[in-house]
Amino acid sequence: MGRLGAALATAIAIGFGVLTLWGLIGGTGSIQGITNLLLQLTVISVAVTILLGILNLFSVHLRRITQRQRGWVYSIALIGSAAVVIVLWVLGQQSTNAMLLDTVELVNRRWRAGGVRAGTARTAHTTEIRQWLLAVPVSAGARGILLGIALATVVTGVRVLIGQDRSYRE
Amino acid sequence: MADQPLIGEELFLAGAYLGDSASQRASVVTLDFLRWLLILGLLIATANTIREPVGEALARLLGGG
């Protein structure tokens, strides 16, 4: 029964994988409808999985803090920063990046008592530095990670289609 | 829980970290091969894009005009 269950799980995975691939490549009519339904179910499942992952993350780090395990200070930083972002979202702040940059510029202006002109020059420099950082190193790193994820997704998908992925049968 | 953070594609290769099956190792090798193929494609596309400006600059440098 164990082998039959494993074979059945593999057959179901391959069948739905081929069906979705067919619908995405050029299926029409009912195939397209089934593909859309499967994709919507997948999106909902992924969203719930992400939520479970976040709750698990909080649980692990809270346990690390209460039991004073190795690196518990970093756990406080993680939970604190997550809480700040959630509170800001609840309060209606649309962009935490812009809010953080405004705070840095405000502190910079207040600290250097050089008048409005010096404050404006440093504000422009801060914006230029931020734009360069976002355009070059951050963008390059993000693109590299996204390319890696895309390739790994293709490889994993092919493994599922040929029945070599065992995560659902063991 | 992993000691180091798993970023991007490492999430898909977590099975290869934990186990040692042939299919997991094949996935890692395939991913590396595809990544090198992509790098080669990017380099060829970049070389094709800068071919004309570089050629003109070299011509000006060597021809003096």
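What share of the 170 residues in chain A is made up of buried residues? Buried residues account for 18% of them, where buried means under 20% relative accessible area, exposed means over 50% and partly exposed lies in between, with a 1.4 Å probe and protein chains only.

## Basis of the values

The model is predicted, so local features need pLDDT of at least 70 and side-chain atom pairs count only at pLDDT 80 or more, while totals for chains, interfaces and linings use all residues. Residues are numbered from 1 along each chain as its sequence is written, chains are lettered from A and ligands numbered from 1 in the order in which they are written, and side-chain values use heavy atoms, with hydrogens and water left out.

## Chain A

Chain A has five helices and zero strands, and from the N terminus on its elements run α-α-α-α-α; helices (H or I, at least four residues) and strands (E, at least two) are DSSP runs, numbered from the N terminus. Among contacts in this chain between residues at least 6 apart in sequence, 31% join residues at least 24 apart, a contact being heavy atoms within 4.5 Å.

Helix H2 of chain A, residues 30–66, contains A:Thr35, which is buried at a relative accessible area of 1%. Leaving aside residues up to four places away in sequence, A:Thr35 touches A:Leu19, A:Thr20, A:Gly23 and A:Leu24.

Helix H3 of chain A covers residues 72–91, and its 20 residues should span 28 Å at 1.5 Å a residue, the expected span being 1.5 Å times one less than the number of residues. The end C-alpha atoms of H3(A) are 28 Å apart, which agrees with that expectation. Within H3(A), the residues A:Ser75, A:Ile79 and A:Leu88 are buried, and the helix is followed by A:Gly92, whose phi is positive, near 100 degrees.

## Salt bridges in chain B

A search of the whole structure finds two salt bridges over all chains, a salt bridge being a side-chain nitrogen of Lys or Arg within 4 Å of a carboxyl oxygen of Asp or Glu. One of them pairs B:Glu9 with B:Arg35, with the closest N and O atoms 2.2 Å apart. Because B:Glu9 lies in the segment before helix H1 (14–18) of chain B and B:Arg35 lies in helix H2 (residues 22–63) of chain B, this pair ties together parts that are 26 residues apart in sequence. B:Glu9 is buried, with a relative accessible area of 18%, whereas B:Arg35 is partly exposed at 25%.

B:Asp32 also forms a salt bridge with B:Arg35, and here the closest N and O atoms are 2.7 Å apart. Both residues lie in helix H2 of chain B, three residues apart, or about one turn of the helix, and B:Asp32 counts as partly exposed at 34% relative accessibility.

## Interface between the chains

At the interface, 14 residues of chain B are in contact with 14 residues of chain A. The two chains bury about 1200 Å² between them, 74% of it on carbon and sulfur atoms; buried area is the accessible area (1.4 Å probe) that two parts lose on being put together, summed over both. The residues on the side of chain B that touches chain A divide into six nonpolar, five polar and three charged, where Ala, Val, Leu, Ile, Met, Phe, Trp, Tyr, Cys and Pro count as nonpolar, Asp, Glu, Lys and Arg as charged, and the others, Gly among them, as polar. Between chain B and chain A the count is zero salt bridges.
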